[in-house]
Amino acid sequence: MATNPSGVGSAKHYVVSATAETVHWGYFSRSLKPVLSVESGDFVTIETLTHHAYDDHARMIAGDPGAESVFRWTKDAKNVDRRGAGPMDASIHGRGSGEGFGVHVCTGPVFVRGAEPGDVLEVRIVDIQPRSCCNPEFTGRAFGSNAAAWWGFHYKDLLTEPKPREVITIYELDATGGRNWARAVYNYRWMPQTDPFGVVHPTIDYPGVPVDHGLVEENHGILKGVLIPVRPHFGVIAVAPKEAEFVDSIPPGYFGGNMDNWRIGKGAVMFYPVAVPGALFSVGDPHASQGDSELCGTAIECSLTGTFQLIVHKGDTLAGTPLAELRYPLLETTDEWVVHGFSFANYLVELGDKAQSEIFTKSSLDLAMRDAFRKMRHFLMTTKGLSEDEAISLMSVAVDFGVTQVVDGNWGIHAILKKAIFAGDEE
């Protein structure tokens, strides 16, 4: 339920719990009914659930009313039927409603009053907290799953047998905040799973399939002595795109979405071009930690709760600011500006009617680097008033380009610009 427990000055503070009624699974849509409507400047605390929670039901679902509501699936029905942007009758692959074309459990959308196409939505990430395990056996802990899956960059380049294989690793972290690292608990190889409707899943091909741990072999004592720094963030923060009725949640784009940049955490600010009235803001794909590239296909997929402030910047006020002519998701931290490039800046337009399938075969890092270069050039020329020659030189000597992800269909390169290099402007 969406509630408003308190006011914050003139702004209000709402809470959106994650339930079967407040999530949409695997897709974005310009036609989704909002779960909440807010004014510019309001705060919203939003619960998010990882779509990998059923990799370990005991640690990530059991005893948690919200998670049990979202993941409930029996032989008679499942609470959240559509899981993806595909056909509801599973007429393409027979995997289930929505076909799994899109996998992320997203909470929302939130309608921001006054947001119109041409405006920019500012999203301030005020806080992020892990979702505590509700199973009394694991009090004070939170858990996440890392799936080295068939869509991972590594999958066709394995050394050891059996090949190919998908491996799930379960990680534990401290839900109380007492320590800032995660450790591996155990791993197991995916074995074919039969879902409650009787469909067999030989690979991880449909989100939320219950894993029968009687069919897998848990290997404990792995990654001994290894402590993973925890850096919670949201892999998916999005406004609704306008180009199609149902848009797969996997490929990112100008609307944000599945960007999988670990820098989008507490204290960060994201800016998105608004494409539909109200922006229709959603968040999901929570991560406890991830490295650049998300190489094997996933991060530590771990349910989190975030608090956000949503601010509308009207299009006619943006001239001469870093938001002028903004057509892509832009990240600001205390010390940096981060521009996000993709293989296709707007694949929904550039690839035509078959964009949502062809994006998975046409991406490359060359294209993503070209897009990141063009966006950073534009940012420097527009925001800092540099000439093209000045911008190109500065990019080569002071801007760090990195691989954001190579597993989300529309591959990503980010460009990091340190604010400190412009300190000379103050002299």
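Two strands count as a pair here if DSSP finds at least two bridges between them. Keep that in mind for the legends below, which all show close-ups of a predicted model.

**View 1. Strand β20 and its pairing partners.** Start with strand β16 (residues 233–238), which pairs with β20 in the antiparallel sense over five bridges. Within β20, Gly 284 is the residue standing opposite Val 236. Strand β7 pairs with β20 too, again in the antiparallel sense, this time over three bridges. Look for Val 110 there: its bridge partner in β20 is Phe 281. Then comes strand β21 (residues 300–301), joined to β20 by two bridges and running antiparallel, with Glu 301 of β21 opposite His 287. As for cover, β20 spans residues 281–289, and nine of its nine residues are buried.

View 2. Leu 280 belongs to the loop between β19 (269–273) and β20. Its phi is positive, at about 55 degrees, even though Leu 280 is not a glycine. That's worth a second look, since most residues other than glycine have a negative phi. Is Leu 280 buried or exposed? Its relative accessibility is 6%, so Leu 280 counts as buried.

**View 3. Strand β6, covered on both faces.** Strand β6 takes in residues 43–48, and six of its six residues are buried. One side carries Phe 43, Thr 45 and Glu 47, the other Val 44, Ile 46 and Thr 48, and every one of these is buried. Which strands does β6 pair with? Strand β2 (residues 11–16) runs parallel to β6 and is joined to it by four bridges; here Tyr 14 has Val 44 as its bridge partner. Strand β22 (residues 304–313) runs antiparallel to β6, with six bridges between them. In that pairing, Glu 47 has Thr 305 as its bridge partner.

View 4. Glu 99 sits in the loop between α2 (65–71) and β7 (105–113). With a relative accessibility of 0%, Glu 99 counts as buried. Yet Glu 99 makes no salt bridge: Arg 95, the nearest side chain of opposite charge, is 4.1 Å away, and the cut-off for a salt bridge is 4 Å. The backbone is worth checking as well, as phi of Glu 99 is near 65 degrees, a positive value in a residue other than glycine. Beyond neighbours within four places in sequence, Glu 99 has contacts that include Arg 83, Pro 87, His 93, Asp 205 and Tyr 206.

View 5. The whole structure holds 15 aromatic pairs. One of them is Phe 138 with Phe 143, an edge-to-face pair at 5.3 Å centre to centre and 75 degrees between the planes. Phe 138 counts as buried at 7% relative accessibility, and Phe 143 counts as buried at 4%. Now for Phe 153 and Trp 411: their ring centres are 6.1 Å apart and their planes are at 65 degrees, so this pair is edge-to-face. The two residues are 258 apart in the chain, with Phe 153 in the loop between β9 (141–148) and β10 (167–174) and Trp 411 in the loop between β25 (400–405) and β26 (412–418). Phe 153 is partly exposed at 48% relative accessible area, and Trp 411 is partly exposed at 21%. Elsewhere, ring pairs tie Trp 25, Tyr 54 and Phe 71 into a cluster.

**View 6. Lysines over tryptophan rings.** Lys 78 lies over the face of Trp 73, 5.0 Å from the ring centre. The charged end of Lys 419 sits over the ring of Trp 337, at 5.3 Å from its centre.

View 7. Glu 161 and Pro 162 are joined by a cis peptide bond with omega about 0 degrees. Another cis peptide bond joins Lys 163 and Pro 164, where omega is about -10 degrees. Pro 162 is found in the loop between β9 and β10, and Pro 164 is placed in the loop between β9 and β10 as well. For context, most peptide bonds are trans.

**View 8. Arg 231 and its surroundings.** Arg 231 is in the loop between β15 (228–229) and β16, and is partly exposed with a relative accessible area of 31%. Not counting residues up to four places away in sequence, Arg 231 touches several residues, among them Trp 262, His 287 and Gln 290.

Definitions and conventions: Residues are numbered from 1 along each chain as its sequence is written. This is a predicted model: local features need pLDDT of at least 70, side-chain atom pairs count only at pLDDT 80 or more; totals for chains, interfaces and linings use all residues. Side-chain values use heavy atoms; hydrogens and water are left out. Buried means under 20% relative accessible area, exposed over 50%, partly exposed in between (1.4 Å probe, protein chains only). Lys and Arg count as positive and Asp and Glu as negative; His and the chain ends are not counted. Contact means heavy atoms within 4.5 Å. Rings of Phe, Tyr and Trp (its six-membered ring) pair if their centres lie within 6.5 Å; planes under 30 degrees apart count as stacked, over 60 as edge-to-face and the rest as tilted. A charge sits over a ring if NZ of Lys or CZ of Arg is within 6 Å of the ring centre and within 35 degrees of the ring normal.
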